[in-house]
Amino acid sequence: MNAPFRIVLAAAVLAAASMAQADGSGLELRGGYFDMTNAPRSAQALFGQRGGPLVGIALRVGLGENNFVRIGASFVRRTGERVIADGEDVFPLGHPLEVQILPAYLDLARQFLRDSALRPYVGFGVGAVLFREESEVAGDTLSDERAKLSTRVLLGATWGQGTWRLGAELAYSRAPDAIGLGGVSKVYGENDLGGLSAAATLTWRP
Amino acid sequence: MSQPRAAVFLTTLIAIAGLGTAARVEPTRGFERVDTPADAELEAPHEAIVKFETATTFSTAMHTIQDAGGLAARRSRSGAHFLVSLDPTVRVGEALERLGRLPGVAWAEPNGVVRKFGSAAELFRPNDSFFRFQWHWRLLNAERTWAIQTGDPSIVVAVLDTGIAFENFGPFRRAPDWGDTVFVPGLNVLDGSTHANDDDGHGTHVASTIAEGTNNLEGGAGLAFHCALMPVKVLDNRGLGSFFDVAEGIYYAFRDAPRKARVINLSLGGPGSRTLTEAIDDAVRAGVVVVAASGNENSTVSFPASHPGVIAVGAVDQRKQRAEYSNFGSSLDVVAFGGDVDRDDDRDGDPDGILQQTFSGRDAQRGIFNSFGYFYLNGTSQASPQVAALAALLIRQGVTTPAGVQFAIQATAEDLGTRGRDDQYGHGLIQPAEALSGMGLNR
């Protein structure tokens, strides 16, 4: 197991332990859209569009009345074809390609409007991005897998005061050197697997 | 360039061994000298190529040309160029000056000579699977390549050369190992007929590298063996031709042929020519991939390989080192295996040339065109069709523009020599399977 995942795992254990004791804790489900903002040409060449759906899950632990930490992971899966990409010209070759991106993170956020049902927040996070690429070429599987440290900033809000709370969140992440070593990302000089994500959240607070 | 090249060939001695149930081949070496024309023989024809600025009628053009001392003229397929036979009493330079000053004439240039890039040849006829002697395919990972793509007859590769032994016609015979290779109608530019038969052996060897019958229990293999071949004869039985004829062959291949070529291989070269340059530019603009050998003079890359838009191919030997004959320089794009018949680096007892089918050049000089066999040749002429074949496979796989094909070949080449592109190896040694596999996000 590599260093980024050890950090995330340790944080998860700590968060779970805290959750049992702290107010404002909850389990969060999310669904939304992830845009490969930092590798747009690569995404466009391989998948025909920059973005795609994401799903995720997180544990949220309150720290007092205005702060929370959150540990979670999202999952993005994209399918396309291997290509020859020469500048603006992209030639799909018919070999199926699948890319999976799994960002795992530990966020620290500050909430505002303490007595309101609508509680905006801002925060930042650190974590790791697990990247896996697999394609099939005439019976041969070509794959690449790596994990890199990532950072992110986020802006969101939750609504509601009961057991179930709705929310929305925008995040921007960076994961330098996760790509760019070969393939189209090298051709285009794109080495960052981060990007913008927009998600709706549903939080269950016991 | 001016030195006659010794050509070596292997004859075979078939020995019946054991109880008469097994045949064994014992190769016996023999030598034959095949001279390629010395420079002294390469005297340029007393001809000029004249280009008119606008379309003009033949009679008007002839009138204009005769005013300047031209005796006879032949119109090109493009219509704008005329090949003018000059009055032998008039110096070429003087005639060009007169022709260039005529109203409506864009420019005039001397018709020059191109020649095949000569090779030292060795004939070898094993009775076993010849594929195992084709070390170039093994080192290019051809078996993996064929798992991905073998081509399709809809992709036509034009071989502009000494012709191809593709049909039984007159004294000419079809080479034995074409298998189910498709030939589309070609052109003998030298006589205007469709019988572009090989009277030298060079063109058949080059064409066999591209699409020799493969997986047919006979002979060797070609890299794009399901692609179609178009024979276009632009070189004579000495391996010589003219700018005008090569340009004519190019226009036929991509524009006038009933089934048009997507790839043109030029295992030939000479000094620069505006006529040929225009023909190549027109072909590339029409979406045709033009591949040319860099030349065998251990010098700078020859024309037309040196022309932008043409994929210039140099040669490496079995060690993946630049062959000592291979031309180099800033316009070199990639290298492929050209071999070296003076080496035996794998110590298999055979010269490290490129083995493909063709016929004896010595016999051809005596008018015998059916001495077919499997010859080890070396040269950039042998490397160029490997790249032309890869270009055809890439087109079939979905890379549809000349620039895209060139990029795919270069971007996936094995970097040799100094890191990155260099003048000895260009972008490196082609890797057909890698090129056809394309690119993922990070791999």
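1. A word on burial to start with: a residue is called buried when its relative accessible area is under 20%. By that criterion, 62% of the 443 residues of chain B are buried. Please keep in mind that this is a predicted model.

2. Chain B, then, in outline. Its secondary structure amounts to eleven helices and 19 strands. If we take the contacts in chain B between residues at least 6 apart in sequence, 73% of them join residues at least 24 apart. The chain exposes about 16,300 Å², with carbon and sulfur atoms supplying 49% of that area.

3. Three helices and eight strands are assigned here, and from the N terminus the order reads α-β-α-β-β-β-β-β-β-α-β. Of the 206 residues in chain A, 46% are buried. Contacts in chain A with a separation of 6 or more include 62% between residues 24 or more positions apart. The accessible surface of this chain is about 9,600 Å², and 60% of it belongs to carbon and sulfur atoms.

4. Now to the interface. How many residues of chain A are in contact with chain B? There are 33 of them, and they meet 21 residues of chain B. Together the two chains bury about 2,100 Å², 59% of it on carbon and sulfur atoms. Three residues deserve a look on your screen: Ile84(A), Phe91(A) and Leu93(A) supply 27% of the area that chain A buries against chain B, more than any other three residues.

5. Polar links across the interface come next. The rule finds 17 residue pairs in polar contact between chain A and chain B, counting pairs with both residues at pLDDT 80 or more. On the chain A side, at least two residues each come from α2 (40-47), β3 (67-86), β4 (89-111), β5 (118-137), β6 (140-159) and α3 (183-187). The largest share is that of β4(A), with six residues. Sorted by type, the residues on this side of chain A are 20 nonpolar, seven polar and six charged.

6. Side chains of opposite charge can pair when their charged atoms come close. Over all chains, the search of the whole structure finds 34 salt bridges. Which pair joins the two chains? Asp140(A) lies in strand β6 of chain A and Arg144(B) in helix α4 (residues 142-148) of chain B, so this pair links one chain to the other. The count between chain A and chain B is one salt bridge, and the closest N and O atoms of Asp140(A) and Arg144(B) are 3.9 Å apart. The cut-off for a salt bridge is 4 Å. Asp140(A) is partly exposed, at 34% relative accessibility.

7. Is Asp192(A) buried or exposed? At 3% relative accessibility, Asp192(A) is buried, while Arg174(A), with 41%, is partly exposed. Also in chain A, a network of salt bridges links Glu28(A), Arg30(A), Arg60(A), Arg70(A), Asp107(A), Arg152(A) and Glu169(A).

8. Chain B has a salt bridge that spans much of the numbering. Arg396(B) pairs with Asp152(B), their closest N and O atoms being 3.5 Å apart. Arg396(B) belongs to helix α9 (residues 380-397), Asp152(B) to the loop between α4 and β9 (156-161), and 244 residues separate them. Arg396(B) is partly exposed, with a relative accessible area of 39%.

9. Lastly, a few backbone details in chain B. A cis peptide bond, with omega about 10 degrees, joins Phe303(B) and Pro304(B). Pro304(B) sits in the loop between β15 (289-293) and β16 (310-316). Asn215(B) has a positive phi, near 65 degrees, though not a glycine, and so does Leu217(B), again near 65 degrees. Asn215(B) is in the loop between α5 (202-211) and β11 (228-233), and Leu217(B) also lies in the loop between α5 and β11. Asn215(B) is exposed at 76% relative accessibility, and Leu217(B) is exposed at 93%.

Definitions and conventions
Residues are numbered from 1 along each chain as its sequence is written. Chains are lettered from A and ligands numbered from 1 in the order in which they are written. This is a predicted model: local features need pLDDT of at least 70, side-chain atom pairs count only at pLDDT 80 or more; totals for chains, interfaces and linings use all residues. Side-chain values use heavy atoms; hydrogens and water are left out. Helices (H or I, at least four residues) and strands (E, at least two) are DSSP runs, numbered from the N terminus. Buried means under 20% relative accessible area, exposed over 50%, partly exposed in between (1.4 Å probe, protein chains only). Contact means heavy atoms within 4.5 Å. Accessible areas come from the Shrake-Rupley method with a 1.4 Å probe; for residues, only the protein chains shown count as cover. Buried area is the accessible area (1.4 Å probe) that two parts lose on being put together, summed over both. A salt bridge is a side-chain nitrogen of Lys or Arg within 4 Å of a carboxyl oxygen of Asp or Glu. A polar contact is a pair of N or O atoms within 3.5 Å; within protein, one must be able to donate a hydrogen and the other to accept it, and residues adjacent in sequence count only if both atoms are side-chain atoms. Ala, Val, Leu, Ile, Met, Phe, Trp, Tyr, Cys and Pro count as nonpolar, Asp, Glu, Lys and Arg as charged, and the others, Gly among them, as polar.
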